[in-house]
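Subject: Structure for your review

Dear colleague,

Please find below the structure that I am handing over to you. My findings follow directly after it.

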Amino acid sequence: MKAAILQTPGQLDLVDLVIDKPAAHEVLIRVVGSGLCHSDLHAIDAQVPNRPIIVPGHEASGIVEQVGSEVTYVQPGDHVITFLVQFCGECEYCLGGRPTICATPVGARKPDAAATAPNPRLTYQGKPVGQFANLGAFAEQMLVHEHAVAKIDRDYPMDRAAIIGCGVCTGLGSVLKSAAVRPGSTVAVVGGGGVGLSAVQGARLAGARRIILVDIQPEKFDLARKAGATDCVDPGQGDPVQQIKDLTGGGVDYSFECLGLKATCEQSVQMLRPGGVATIIGLGGRHLPAARRAARAGRLHGLQQLPRRHAQIHGSRPPGPPRHRLPDREPHRPRRYQRRLRGHAPTPDTGPPGDHVSAVTVPRRRRSERKNCKISAYY
Ligand SMILES: [Zn+2]
Ligand SMILES: [Zn+2]
């Protein structure tokens, strides 16, 4: 089967791959649609020496062609979309209704009892080929674990169904699940791409009374209004934080950052009203290890509340280094104003100094405003 493989940074090669037969819990899919997520672009552009060959692509729709002997959920002919999180269904998180933080994901092939290494699903010229997110959607066929697929109606258009697997889930999930936006609240979404527009739709579904999209490209505003935005803010027309405060009389209840830039992460916190919640969705690329860790650990709390401006990540993981000073310490400020993470701190390899998303600099608020604002990371 034909697939686009990544063996040289910045370049995809269209080649013929050999694809294995489904193992007991695997499903072979004929790919019909595939989205191009920015995470794919991060992977394609990343300068990683000696990286194994992979097939990028992780949001796909297709038709089941073949199933393994233990698969009962789907059968050949079913229309499906694929998912990034291949939950085990047995750990305490899965059984507790939180499969996105499954402790033992099952997406990759495990070695047979007799073999030391798993039999690869894909091979190119005799060498094993990896699958981005254990999916590899830039191909004619995908061989994935049965927990990587969800059935859809047969009359649902496949080209649109594909993006549900990542972009739509990410935007909707962050609004409806992570932040749990309440009806009647005010929401700002920073970044009007696929994830941002999905967040706008999620806010509309949640019953938010005011939904503000912030984007530097005003040509996106018409589509945003169709998706449910009540107002649009162009940062080219002035400080977006001030514009939002003017529109809402002081700030929004919820903000969603969908870009992953330090400046917009900061603005997402600054545009909150007291008690508001900022959800940083745009964690990717070099931020991914820290994002995963933050998402698994829990939430970042108390940036506004604690007088010395520490962030704490609450979670059940074993304690990490006792304290970690974030890399973008501003030298002109007294040390007590610098925020640090306690416990589950990001490791220094997660990005260059000054560009780490955890190092959001939030202006010191008046004491009366320090009311339980929080940041949550969604992954
Ligand atoms: Zn994606
Ligand atoms: Zn699990």
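Arg 30 has Gln 141 as its bridge partner in β10. This pair belongs to the contact between strand β4 (residues 26-34) and β10, which are joined in the antiparallel sense over 5 bridges. Strands here are DSSP runs of E with at least two residues, helices are runs of H or I with at least four, and both are numbered from the N terminus; two strands count as paired if DSSP finds at least two bridges between them.

Please note that this is a predicted model, in which local features need pLDDT of at least 70 and side-chain atom pairs count only at pLDDT 80 or more, while totals for chains, interfaces and linings use all residues. Residues are numbered from 1 along each chain as its sequence is written, and chains are lettered from A and ligands numbered from 1 in the order in which they are written.

Both strands belong to an open sheet of 5 strands with antiparallel pairing, in the order β10-β4-β6-β7-β11. At its edges stand β10 (141-145) and β11, each with a single partner strand, so one side of each has no neighbour in the sheet. On average, neighbouring strands of this sheet are turned by 45° against each other, direction ignored (axes are lines fitted to C-alpha atoms, for helices over the stretch in contact, and angles run from 0 to 180 degrees between N-to-C directions).

Within the sheet, strand β7 (residues 79-82) is covered on both faces: His 79 and Ile 81 are buried on one side, Val 80 and Thr 82 on the other. A residue is termed buried if 20 or more other C-beta atoms lie within 10 Å of its own, exposed if 12 or fewer do, and partly exposed in between, with C-beta atoms placed from the backbone. Strand β6 (residues 60-67) runs antiparallel to β7 and is joined to it by 3 bridges, with Ser 61 opposite Ile 81. Strand β11 (residues 149-151) also pairs with β7 over 3 bridges, in the antiparallel sense; there, Ala 150 is the bridge partner of Ile 81.

In helix α1 (residues 38-45), the residues Ser 39, Asp 40 and Ala 43 are buried. Seen down the helix axis, the buried residues of α1 fall within an arc of 105°, so they line one face (the arc is that of the directions from the axis to the C-beta atoms). These buried residues pack against β1 (2-8).

Overall, the protein has 9 helices and 21 strands. Its average pLDDT, the predictor's confidence in each residue from 0 to 100, is 78.

Yours sincerely

Notes:
Two residues are in contact if their C-beta atoms, placed from the backbone, lie within 7 Å.
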